[in-house]
Amino acid sequence: MQYLLAQRFTSYHGLCQRQAPAADQQSDVILQTEKNILVHLFITAKTPLPSRMIIYGSHVKS
């Protein structure tokens with residue numbers, strides 16, 4: 001995401017569901033970039049769906 005947006009992340013918050021000793025089953029993370037773009041990542045291994053990435057957004061001129 002940093003590569004796509006050409007910006008660094010300045011803050012983050014998230015949760016993960018982990019069953020030791022395996023890797024996490026599900027992660028949900030919100031990231032904020034230096035230009036206040038919010039990125040919401042939801043990654044799961046619980047549902048057998050095809051991998052995909054969806055980008056929603058809008059650009060507002062000041």
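The side chain of Q7 reaches the backbone nitrogen of K35 at 3.2 Å. That is a polar contact: a pair of N or O atoms within 3.5 Å, where, within protein, one must be able to donate a hydrogen and the other to accept it, and residues adjacent in sequence count only if both atoms are side-chain atoms. This is a predicted model, in which local features need pLDDT of at least 70 and side-chain atom pairs count only at pLDDT 80 or more, while totals for chains, interfaces and linings use all residues. Residues are numbered from 1 along each chain as its sequence is written, and side-chain values use heavy atoms, with hydrogens and water left out.

Now the overall plan. The protein has one helix and three strands. Helices (H or I, at least four residues) and strands (E, at least two) are DSSP runs, numbered from the N terminus. The radius of gyration is 14 Å, well over the 11 Å that the globule rule gives for 62 residues, so the protein is more spread out than a compact globule. This radius is taken over C-alpha atoms, and the globule rule is 2.2 Å times the number of residues to the power 0.38. Along its principal axes, the C-alpha trace spans about 45 × 25 × 15 Å.

How much of the protein is buried? Of its 62 residues, 10% count as buried. Buried means under 20% relative accessible area, exposed means over 50%, and partly exposed lies in between (1.4 Å probe, protein chains only).

Go back to Q7. It sits in the loop between α1 (2-5) and β1 (9-18). Q7 counts as buried because its relative accessible area is 8%. Leaving aside neighbours within four places in sequence, Q7 is in contact with Q2, T33, E34, K35 and I37. Contact means heavy atoms within 4.5 Å.

A6 lies in that loop between α1 and β1 too. A6 is exposed, at 66% relative accessible area. Its phi is positive, about 55°, although A6 is not a glycine. Most residues other than glycine have a negative phi.

Next, strand β2 (residues 24-33), which holds Q32. Is Q32 buried or partly exposed? Q32 counts as partly exposed because its relative accessibility is 24%. Q32 and Y12 are 20 residues apart along the chain, yet their C-alpha atoms are separated by 6.3 Å. Not counting residues up to four places away in sequence, Q32 touches R8, F9, T10, S11, I37 and L38.

The side chain of Q32 also makes a polar contact of 2.6 Å with the side chain of N36. N36 is found in the loop between β2 and β3 (38-44). N36 is exposed, with a relative accessible area of 57%. N36 is not a glycine, but has a positive phi of about 60°.

Last, the surface. Y3, L4, M53 and I55 form a nonpolar patch there, with about 540 Å² of accessible area together. Patches are made of residues with over 30% relative accessible area and no salt bridge; like charges are joined within 9 Å, and nonpolar side chains (Val, Leu, Ile, Met, Phe, Trp, Tyr) within 5 Å. A salt bridge is a side-chain nitrogen of Lys or Arg within 4 Å of a carboxyl oxygen of Asp or Glu. Accessible areas come from the Shrake-Rupley method with a 1.4 Å probe; for residues, only the protein chains shown count as cover. Y3 is in helix α1. Y3 counts as exposed, at 76% relative accessibility.
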